[in-house]
Amino acid sequence: MTSKSLSGPAAIAALPRNRLLGEFSLWSADLANMERDLKRIEAHADLHHVDVADARFTPGLLFFPDLVARIAKLTAKPIHVHLMVEAEIVEAQTRQFIEAGADLITIHAENGEAGLRAVKLAHKLGAEAGVVLRLETPVAAIVPFLPEVAFVTLLGTLIGVKGQSLSEQACPRLIEARALIRKAGREADIVLAADGGIRHETVPLLRAAGADTVVLGSLAFGDPDLAQRIAWLHGLKAAAR
């Protein structure tokens, strides 16, 4: 068992802000050898990303609380759970995944008022909260969430399908989100994340557009020299703000 020195909001607040973060999507791990892959990435990951899907809000079914509880015992890094679920279950799912060990719960703005209640519930239960947008949702939908969240994640591909190319809308949407975060006076407090379409050639573009973290899948798990890959990631410069 691995013990965390920090958890919940403290763990998220302690993430480095002077470089691009490495957020590892466990959807791209070898699911039959999860413990092995967690050990391989432990020294390189800033946080783990766990997708949850209910097969209604998004295609397919993805991870469950018992798996997160097991992961939490194997890592000292923060666990970020992305809830791709319908509004009627988002609050229950928020509770279940925080109880399982999630440090950060990201909730879709498309969940509306239920999503805002889930953010408040996450804080009440001692976790941090974020908001995430589908590619087709106007960026302005993040505005009601900005006073309450520590992460804003924009999907750069259609939701819930692996292997897609980055949308040409992704970078302009990041720039727009950054402007809204700045207008809200939360730029120092909110991590802006890009999820989907993460490739060697797209990460520099996303970084230049304002991303503070990218959700790494095969780009990291498929690289035989992970230390070199992460050194490259950390060296990418943000555009002047």
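The model is predicted: local features need pLDDT of at least 70 and side-chain atom pairs count only at pLDDT 80 or more, while totals for chains, interfaces and linings use all residues. Residues are numbered from 1 along each chain as its sequence is written, and side-chain values use heavy atoms, without hydrogens and water.

A nonpolar core is a set of buried Ala, Val, Leu, Ile, Met, Phe, Trp, Tyr and Cys residues joined through side-chain atoms within 4.5 Å. Buried means under 20% relative accessible area, exposed over 50%, and partly exposed in between (1.4 Å probe, protein chains only). The largest core holds 73 residues, and F24 is one of those that touch the most other members. Leaving out residues up to four places away in sequence, F24 has contacts (heavy atoms within 4.5 Å) that include I41, L47, L216 and F221. Another core, of nine residues, lies apart and includes I12 and F151.

There are 16 salt bridges, each a side-chain nitrogen of Lys or Arg within 4 Å of a carboxyl oxygen of Asp or Glu.

| Salt bridge | N to O distance |
|---|---|
| K4 and D103 | 2.5 Å |
| E35 and R70 | 3.5 Å |
| E187 and R182 | 3.1 Å |

D103 is buried at 2% relative accessible area, whereas K4 is partly exposed at 24%. E35 is partly exposed at 33% relative accessibility, and R70 is partly exposed at 42%. E187 and R182 also belong to a salt-bridge network with R17, R178 and D212.
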